[in-house]
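Student: I would like to learn how to read a model of a protein, one feature at a time. Can we start with a helix and then go on to strands?

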Amino acid sequence: MAQASLRPRRSVLYMPGSRERALEKARSLKADSLILDLEDAVAPSEKIVARELVAGAVKAGGFGGREILVRINGFDTEWGEEDLVSAAKAGPDAVLLPKVETPELVREVAAKLDQLGAPEKTKIWIMMETPLGALNIAAISASSPRLAGIVVGSNDLVKDLHAEHTPLREPIVTALGLTMLAARAYGLAVVDGVYNAFKDVEGFRDSCRQGRAFGFDGKTLIHPDQIATANEVFAPAEADLELARRQVAAYEEATARGEGVAVVDGRIVENLHVVTARRLLALGEEIARLESAA
Ligand code: COA
Ligand code: MG
């Protein structure tokens with residue numbers, strides 16, 4: 001299994017690229033990542049202004065440790081190509097491509113980013129949000145070394161399936177599962193879809209918990225009020241970290257005695273549990289580092 005980076009991505013906030021004030025405000029929001037959107041959150045009449053505002057904001061920087069993604073329009077629209085050129089020059093952490101359905105598209109975009117002289121650090125992320133994209137997610141995930149992450153677009157997926165939004169998301173569980181398998185198999189970051197009812201705090205928390213149980217790194221958000229809950233749910237709790245520390249210590253003592261397993265709180269601790277414990281501890285450290293830098 002390939003390893004994704006340990007960078008925290010608990011809270012990934014969409015911001016309409018046309019809203020100058022929101023872009024300014026984002027520099028102080030406690031989201032781990034920001035998606036500066038040129039696609040669905042922006043009206044056709046504002047597409048070009050948004051492209052310029054977003055490029056200007058990325059170049060100006062000042063986002064601290066926050067990861068900056070720019071979501072461009074599809075290449076089947078009149079804006080996609082120019083959006084890519086503009087984003088390549090601005091050099092965000094990633095360009096997020098909507099409605100990706102084939103590995104060829106990712107490879108073409110990777111080649112274009114090279115031609116345009118985009119910085120090495122500018123990765124490609126893709127939206128998994130159509131039936132064909134879900135079916136091809138394994139090949140898409142293996143498509144290019146420049147590909148670094150997947151964002152689930154559950155609203156588009158539910159729409160294309162003629163399905164309904166249900167609390168436990170049964171209609172899209174297969175697509176979510178395939179996406180998790182592909183992301184972990186190929187070492188990509190993977191972020192869950194949005195929760196539309198942004199004033200429903202308890203429903204949102206349940207949705208975050210379900211996403212965490214699936215293994216998602218975090219959740220995409222539509223409103224700043226959702227940030228704190230996502231940061232809390234997708235971070236290892238203090239009790240988890242404390243248990244992880246004891247598991248690592250007990251396992252190290254056991255192996256020093258020549259034994260292969262340890263027991264902590266009446267449960268077996270094998271090498272694989274220690275791998276999980278160390279990952280949680282490392283993630284906890286990365287979160288602490290990010291929060292102290294913010
Ligand atoms: N990012 C940054 N700031 C945001 C924000 C966002 N996604 N959504 C709201 N804000 C800001 C507002 O600008 C406002 O700031 P202010 O008080 O300094 O003026 C503050 O948060 C409170 O906003 P509020 O009045 O509660 O919400 P709203 O009615 O202005 O906006 C939405 C509600 C849903 C329209 C808005 O949150 C939004 O556009 N979200 C993003 C939608 C999106 O990107 N969709 C595409 C992907 S699904
Ligand atoms: Mg979409």
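Tutor: This is a predicted model. Start with helix H8, residues 173-185.

Student: Which residues of H8 are buried?

Tutor: The general idea comes before the list. An α-helix has 3.6 residues a turn, so residues three or four places apart point the same way. In H8 the buried residues are Ala175, Leu176, Thr179, Met180, Ala182 and Ala183. Just after the helix, Gly187 has a positive phi of about 70 degrees.

Student: Which residues other than glycine take a positive phi?

Tutor: Two cases are worth a look. Lys99 has a phi near 45 degrees, and Arg169 has one of about 60 degrees. Lys99 sits in the loop between strand S4 (94-97) and helix H4 (103-115). Arg169 belongs to the loop between helix H7 (154-161) and H8.

Student: How do I read a strand, then? Take S1: how many of its residues are buried?

Tutor: Look at both faces of the strand in turn. S1, residues 11-16, is mostly covered, with 6 of its 6 residues buried. Ser11, Leu13 and Met15 point one way, while Val12, Tyr14 and Pro16 point the other way.

Student: Which strands join S1, and in what sense do they run?

Tutor: S1 is joined to strand S8 (residues 218-221) by 3 bridges, and the two run parallel. In that pairing Ser11 is opposite Lys219. S1 is also joined to S2 by 5 bridges, again in parallel, and here Met15 is opposite Leu36. Between S1 and S2 the chain passes through helix H1 (residues 20-25), giving a right-handed β-α-β crossover.

Student: S2 contains Ser33. What does the side chain of Ser33 contact?

Tutor: Begin with its place: Ser33 is in strand S2, residues 33-37. Its relative accessibility is 1%, so Ser33 counts as buried. The side chain of Ser33 makes a polar contact of 3.1 Å with the side chain of Glu67. Apart from neighbours within four places in sequence, Ser33 is in contact with Pro8, Arg9, Ser11, Val12, Leu13, Glu67 and Leu69.

Student: Where does Arg71 pair in S4?

Tutor: S3 and S4 are paired in the parallel sense over 3 bridges, and the bridge partner of Arg71 in S4 is Leu96. The chain goes from S3 to S4 by way of helix H3 (residues 80-90), and this β-α-β crossover is right-handed. S4 is covered on both faces: Ala94 and Leu96 are buried on one side, Val95 and Leu97 on the other.

Student: Which residues of the largest nonpolar core touch the most other members?

Tutor: The general idea is simple. In soluble globular proteins, nonpolar side chains tend to be buried together. Here the largest nonpolar core has 60 residues, and Leu34, Ile124 and Ile126 touch the most other members. Not counting residues up to four places away in sequence, Ile124 touches Val95, Leu97, Val106, Val109, Ala110, Leu113, Arg146, Leu147, Ala148 and Gly149.

Methods
Residues numbered from 1 in each chain as written. Chains lettered and ligands numbered in written order. Predicted model: local features only at pLDDT ≥ 70, side-chain atom pairs only at ≥ 80, totals over all residues. Heavy atoms only, no water. Helix = DSSP H or I, 4+ residues; strand = E, 2+ residues; numbered from the N terminus. Expected span 1.5 Å × (residues − 1). Buried < 20%, exposed > 50% of the residue type's maximum accessible area, 1.4 Å probe, protein only. Core = buried A, V, L, I, M, F, W, Y, C linked by side-chain atoms within 4.5 Å. Contact = heavy atoms within 4.5 Å. Polar contact = N/O pair within 3.5 Å; in protein donor to acceptor, adjacent residues only side chain to side chain. Pairing = 2+ DSSP bridges. Right-handed = clockwise from strand over helix to strand, strands pointing away.
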